[in-house]
Amino acid sequence: MSGPYAADRLVALLDAILQRSGSSPEEAAIVAANLVDSDATGHASHGVCQIAVYAKSLELGHLQPNRHARTVRDEAPFLVVEGDVGYGQVIAREATDLAIARAKAGGACVLALRNAHHIGRVGAYGEQCIAAGLIGVFFVNVVSRPLAAPHGGGRPRLGTNPICIAVPATPDHPPFLLDFATSAVAANKCRVAAASGREVGDGLLIDERGAPTRDPGVMFRDPTGAILPFGGHKGYGLALACEILAGALAGGLPALPENLRPGRVVNNALAFLIDPARVADAGNGGWQALTDAVLDHIHDTPPVPGGDGVLVPGGPERRSRALAAERGITLDPDTVRALHDIGGALGFDVPAFLRG
């Protein structure tokens, strides 16, 4: 691993790369900050490493700079937004803002987001809902090279299809933010392990014949292996739900062979935004007091021998952000190499950027 690097230096470098690659200053700032924050929160698979994917997508014409969320249907509570394969961090942020306004006005919004380029860490949009005092539930599909096998299957057919559930803070507890891929491991973790010559754990991968393997290199050969769904049939069921709800229903673009292109990355999403004040009773402290009681009860669980105790979703990301602010961000060698290659080709002194 390389670094650590100060977050502001990484943001400055990515911002410069994105602007020179055709993005407006506003777009570059949003995308750069989102990528670095993903690393800071411990979600490196959606972080700085993605700049290499974006550079290739720009070259192939699969990513269009300076696009904005375009409303194609607005019939409360339903909102349908087209992304025109623009930077997903911009499109999804704008679409979520539109949905927040409608949920604030009417109590709920059902958002269908279609045809955005990679939207990155879905938790970022959950955090937008939290900041607005709303609950957000997101189902996302991934139209790209299939990575995950269905339960019982020996070949990849699905993306890592993430789900996010966000609940605002209560008087006694910080926000609840559940954000996870439906695959047993992130593809980027396989890439890092393969580059480092390390094996992955048992029960995560199968090879091109469908046999269990610990070799992450199977994900980068042709034919590839596949990542297994987390939790067997349960994770597979959620991944398939993402494909139907986000891909077929919201986006009209499921990850079928006819929709796949070399180097193409598209995200579609179906999201439900809810004003909790419109649902819960106000008496006795309402939903917040009851949520605090639930979380108090969970935190009061005795830890397993030698363990650190029970965590609540959102806690690891807050802890990771605090450590990153204190110690900087560490990147894997492939990502550092990509920054030097891409930045250097655009005429930047990358070491000077990273030194500050």
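**View A. Helices α3 and α10 cross in the left-handed sense.** This is a predicted model. Helix α3 covers residues 50–60, and its axis runs 9 Å from that of α10. The packing angle is about 40°. That value makes α3 oblique to α10. On the α3 side, the contact uses Ile51, Ala52 and Ala55. On the α10 side, Ala338, Leu339 and Ile342 meet them. The residues of this contact comprise six nonpolar, no polar and no charged.

**View B. Helix α1 packs against helix α10 at about 45°.** Here α1 spans residues 7–20 and α10 spans residues 333–345. Their axes lie 10 Å apart. The angle makes α1 oblique to α10. The crossing is left-handed. Leu10, Leu13, Leu14 and Ile17 form the α1 side of the contact. Facing them in α10 are Leu339, Ile342 and Gly343. By class, the contact residues are six nonpolar, one polar and no charged. Leu339 and Ile342 of α10 also meet α3, where their contacts include Ile51, Ala52 and Ala55 as a group.

**View C. Helices α2 and α4 pack at about 95°.** Helix α2 is residues 25–40 and helix α4 is residues 88–106. The axes are 8 Å apart. From α2 come Glu27, Ile30, Val31, Asn34 and Leu35. From α4 come Gln89, Val90 and Arg93. This contact divides into four nonpolar, two polar and two charged residues.

**View D. Glutamine 128 sits in helix α5.** The helix covers residues 123–131. Is glutamine 128 buried or exposed? Its relative accessibility is 16%, so glutamine 128 counts as buried; the cut-off for buried is under 20%. Leaving aside residues up to four places away in sequence, glutamine 128 touches Ala92, Arg93, Thr96, Asp97 and Ile100. One of these, Arg93, also belongs to the α4 side of the contact with α2.

**View E. Strand β5 is largely enclosed by the rest of the structure.** The strand runs over residues 135–143. Nine of its nine residues are buried, which is why β5 counts as largely enclosed. Ile135, Val137, Phe139, Asn141 and Val143 point one way. Gly136, Phe138, Val140 and Val142 point the other way. Residues of both sets are buried.

View F. What is the sense of the pairing between β5 and β11? The two strands run antiparallel, joined by nine bridges. Strand β11 is residues 266–274. Phenylalanine 139 stands opposite leucine 270 of β11. The pairing of β5 with β6 is antiparallel too, over four bridges. Strand β6 is residues 162–167. There, isoleucine 165 is the bridge partner of valine 137.

**View G. Strands β2 and β3 form a hairpin.** Two residues lie between the strands. Strand β2, residues 70–75, is joined to β3 by five bridges, and the two run antiparallel. Threonine 71 stands opposite valine 81 in β3. Strand β3 is residues 78–82. Four of its five residues are buried, so β3 is largely enclosed by the rest of the structure.

**View H. Strand β3 pairs with β4 in the parallel sense.** Five bridges make up this pairing. Strand β4 is residues 108–116. Which residue of β4 does valine 81 stand opposite? The residue is leucine 113.

**View I. Three strands form an open sheet in the order β9-β8-β10.** The pairing is antiparallel. Strands β9 (212–213) and β10 (226–227) stand at the edges. Each has a single partner strand, so one side of each is left without a neighbour in the sheet. Strand β8, residues 205–206, pairs with β9 over two bridges. Leucine 205 has threonine 213 of β9 as its bridge partner.

Note on methods
Residues numbered from 1 in each chain as written. Predicted model: local features only at pLDDT ≥ 70, side-chain atom pairs only at ≥ 80, totals over all residues. Heavy atoms only, no water. Axes fitted to C-alpha atoms, helices over the stretch in contact; angles between N-to-C directions. Parallel < 35°, antiparallel > 145°, perpendicular 65-115°, else oblique. Left-handed = near helix turned anticlockwise from the far one by under 90°. Contact = heavy atoms within 4.5 Å. Nonpolar A, V, L, I, M, F, W, Y, C, P; charged D, E, K, R; others polar. Buried < 20%, exposed > 50% of the residue type's maximum accessible area, 1.4 Å probe, protein only. Pairing = 2+ DSSP bridges.
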